Every structure is written in structure tokens, then in C-alpha cells.
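Good morning. I have a few minutes on one structure, so please have the sequence and the model open.

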Amino acid sequence: MNADRMQPLLSLDQVGLAFRSGGLSLRPQPPFWVLKDVSFTLHHGETLGVIGRNAAGKSTLMRLLAGIIKHDRGNFVNHGYTAALLSLQTGFVPYLTGRQNAILSGILLGLRRREVEAQMQAIIEFSELGDFIDAPLSTYSSGMRARLGFAVAYQVEPDILLIDEMLGVGDESFRTKSTEAMHARIRSDKTIVLVSHNAGTIRELCDRAVWIEEGVTRAVGPVDEVTATYRDELARRRKQTRSVRSR
Amino acid sequence: MRDFLRSEIVLPMQMSHRGIGGGGRWIDPRMIDLVLYKTYADLRAEAAKTYVNYLWWVLDPILSMLVFYVVFGFIFHRGGEGYVPFLLTGLVAWTWYNQTLSHAGSTILNGKGLINQVYVPKLVFPLVTFLTDLTKFAVVLCVLLLFLLISGYSPSASWLALPLVLLTQLLLCMALGLVLAAIVPYLPDLKLLVGHLLHLQFFLSGVFYSANDIPEPYRFWFFLNPMASLIHDYHVILLKGGWPHWGRLTVIALLSLLVLTLATILIQRLDQVYPRLVRQA
């Protein structure tokens, strides 16, 4: 294995993150630890899958990796790379035109204004909006909005792309197209963190996987091993609840 | 291989790049892009909501001036020679201050959807509001100057001091606005209080009465209110062709600059705390 591939981009060591109830209250609530003990390293060029059931802390973890929020304990180091969550229709305003929204959204996602303007033709083509690009967003159907949102987000290429469950959007044909585009990007040399509760998706697209359960990393390693352990655990739990019910 | 990993230079959190800005960097070209374009977008969006669009920027202050004119000119018979220009000058300056501070408190709170989706330097939100309010004020100021010229007031040399007074007011608005923007997410109750405090300050700022009506012994206390001092300066410059009170102007500018710097540091420090706060709020 070459050195480039081993280069860590993000390192997490026993990271914990808690939410506290805000404001002044007479009886302060104890903090709720969404992440308790998360440890893994993200290497250059790999696609890392994050797997876990609902409320395991996956989305909070993604917001931490994106630099939106900060951890409360443990060590989290970003070795100097841009990391961004793939988010669609960010900052969209109904009163502005599709073009204006594309520029605003693109800047919010980390592009310079002239970069978005330079890629406008690609955005219009990918979103198949044509002349509608200069119509106000309030006249768009939800499918058109989804197409524009995806086309803009697709232009943004951070060092680390964070994807939360979202692969394809829009109507049937655009869903196929956007899913294909996303899969192509994931399979490329880009560094990606992909969140899903679907073990199949993770196994199909990722090199390595992290399994998180109630804010704790339960397993890190090659995707097949981790998803197999995850699946066994799910089966065990299902059997357990069934036996509890039958009792 | 192990040695290679260990020799990796670990950058502190603040140095890490993320989305726009990236904690440690103060002026990021993308942040300027964002502030400018978001201001433009907000102004466009606001105008698009109404039928006569941009006309409201002028219409709104004119209507509110009319109300004051009716109340104080007719009902309280405070009229007399030059009362209307006097009233309008003070009101224009006051409205800018009032609008900026009423808007500033909720700026970061209003961005709660956005700041949980992408990394955005939180300073962007108050800055955008300052710029939109400044733009609207600029239009109204032009209308005021035009009105003064038509009413027979001619520009004097002292009008050259006007930009300095305007700049000082901008610093004051930004300083107090940033403090509100920084604190209101922690203490939403403050926003309700601010409305009443502004109301009180309006009556103490010499908009519909002259600072010269204040008895000499109370002048010092009267001018402790920075807006009273600034509005008096506007009156002196625009209506009497005199020069502003340089001493008070300097003190206001320097104190504002100090508060502005502290509030900026505070907001930068709490950059990654706000997304959690506003999510719970």
C-alpha cells in the first residue's frame, strides 16, 4: 500500500459530543451524550461507510466532521482539508430566480461567486431546466427544485465529501441520472464518508466501514467484515425482541 | 509507516479548513462573496414580496415621518419655522439606528436552518443585515438631502463632516448590533427587552425636540446617550451649517470600535457553539 493512501485526513479518538438543554432553568437537565466514544481515521482517497440504526448519532457525527459543531471530549483532528456535507437546496429562496438561487447556494456550499457563474452552463444542462433557470423558484415544481439543488451541489468538490443517505433525487429518470452521477463520483479517487442504515448500499460503494451504535464505535474495518457483524447483531436483536414478546 | 504517521504535522482545530472561512481566518474572499450576494438576494427577495417593490424603501420612511409630523406638528403645535426639516433629519438618522438594532438580535437565530446544514461563519448573518439596512438608509438619506436642498438649505463647508458622523453612527450600529447578535441566541428574552429600550431611547434622543431645549445642568447627562449626540450633530451640520462636536464624536467612534472588536472576537469564538444553541431554541 502506498504512503499517499495511508495519509490520514481526519482522525477521531474517543470523541464525545453532548447536547444540553439551553436557557436558564431551575433544574438543569443532565447533558445528553449523542456521541460517547467514537474512534476512527479517514484516509486519503477512500470511501468510508458509516453504518448504524436510527438515532445512533450518524448525522451528528457528519455535522462534526463538516466542522459545523465541535466535540466536547476526546480528540478530533482535521489535518487541514475542506470537508462539506452534501446538502441540497441549501439557502434556496422562493422569490429569487433559479440562477440567483444557484449562485447563492453555490457560495454557501463553498464556491466563489465567479466559480458558480463559470459553471452555470453545466448546472443548467445537468438540471435540464433550460429557460426556466431565469424564472422565480416559486414557480418551480418540487421535482425542478430537486434537480436544481442536485446540479448545484454536484459542482462543489471539497477534499472530503460527506454524504448522508442521499444518493438520487427527483422524478424517476432524474433519480437514475443523479444516482449514477453520485456513484461515479464515489467510485472515483475522491475521499468520501457515506452514511446509511442500509448495509447493502454501504457494501456496494465503500472500501471500509465504521459501525456506530448509540454513539459508540462498535467496529471499524473492511466493509464486508463490519457489515457482516452489523447484520448478525441486527438478527440477534430481532430474535431477542421476538422471544421477549412470545414470553 | 508508523513513523510516517507520527511525523504528520497536526494542525490545531482552528486551522482546519471547512466550507467557507475556516475558524482562524478573518477575511476570507468567499465570506465577502457570501455577504455581498446574500445582501443582494435579501434585498431582491424583500422587494419581490410587494407590488411596488423598491418604492417601499422611500414610502415606508415617508409615511412614518408623516405620522410624526401630524402628531407633533399639528396636535402638539410644535411646528413653526423649520420644524419639518428638523424633525425629518432626526427621524432619518434614528430610523436607521432603530432598524439595525431591531433586526440585529435575531440574525444568527434566523440562520438556524442554514448553519446546521453547512459551515457558515456566523458573522455573515449580522453583516448582511447591517448592509441591507445601510442600503435602505442610503436611499432615504438621498431623499432627505434632496428635500433639504429644495426647501432652501444650501450645502455649507460643514457638510464635509457629514461622512464622518455617518461613519461613526455606522460603527455604533454595528457595535451594538453585533453584541445583540452574539447574546440573543443565549438569551432570547433580550430581544423583547430591546424593543422597549429602543422606544425609551427614542424619547431621550432629541428627535422631536432640540437638544438646546435641555436645561444646561442636564446637558451632560443628555449627551451620554450617543444617539442624542449624533442627532444633534446632524441638526447642526445640515440645518445650521455648523461643525459636529468633535470630542463626543471621537469618544463614540473609539468606544464603538472597541465594542465592535470584542463582539467580533466573541462571535468567532462561539462559531461552532451557535448551531447547537439555535437547534435547541
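I will start with chain B as a whole, go on to one helix pair and some annotated spans, and end with a residue of chain A.

First, the ground rules. This is a predicted model, where local features need pLDDT of at least 70 and side-chain atom pairs count only at pLDDT 80 or more, while totals for chains, interfaces and linings use all residues. Residues are numbered from 1 along each chain as its sequence is written, and chains are lettered from A and ligands numbered from 1 in the order in which they are written.

What is chain B built from? It has 13 helices and zero strands. Helices here are DSSP runs of H or I with at least four residues, strands are runs of E with at least two, and both are numbered from the N terminus. Of the 281 residues of chain B, 37% are buried. Buried means 20 or more other C-beta atoms within 10 Å of the residue's own, exposed means 12 or fewer, and partly exposed is in between, with C-beta atoms placed from the backbone. Two residues are in contact if those C-beta atoms lie within 7 Å. Counting contacts in chain B between residues at least 6 apart in sequence, 77% join residues at least 24 apart.

Now the helix pair. Two packed helices are described by the angle between their axes and the distance between the axes. In chain B, α4 (residues 83-104) packs against α11 (residues 226-240) at about 140°, with the axes 10 Å apart. That angle makes the pair oblique; under 35 degrees would be roughly parallel, over 145 roughly antiparallel, 65 to 115 roughly perpendicular, and the rest is oblique. The residues in contact include F86(B) and W94(B) from α4(B), and L230(B) and Y234(B) from α11(B). By class, this contact has eleven nonpolar, three polar and no charged residues. Nonpolar covers Ala, Val, Leu, Ile, Met, Phe, Trp, Tyr, Cys and Pro; charged covers Asp, Glu, Lys and Arg; the others, Gly among them, are polar.

Next, the record. An unreviewed UniProt entry annotates "transmembrane region" at residues 54-75, 123-150, 162-187 and 249-267 of chain B. Residues 162-187 of chain B are 85% helix, with end C-alpha atoms 36 Å apart. Residues 249-267 of chain B are 100% helix, with 27 Å between the end C-alpha atoms.

Last, chain A. Where is L111(A)? L111(A) sits in the loop between α3 (98-108) and α4 (113-118) of chain A. L111(A) counts as buried because it has 22 C-beta neighbours inside 10 Å. Among its contacts beyond four places in sequence are G106(A) and V156(A). V156(A) is 45 residues from L111(A) in sequence, and their C-alpha atoms are 6.8 Å apart.

Notes. Axes are lines fitted to C-alpha atoms, for helices over the stretch in contact, and angles run from 0 to 180 degrees between N-to-C directions. UniProt positions are given in the numbering used here, feature names are shortened, and annotations may be inferred rather than shown by experiment.
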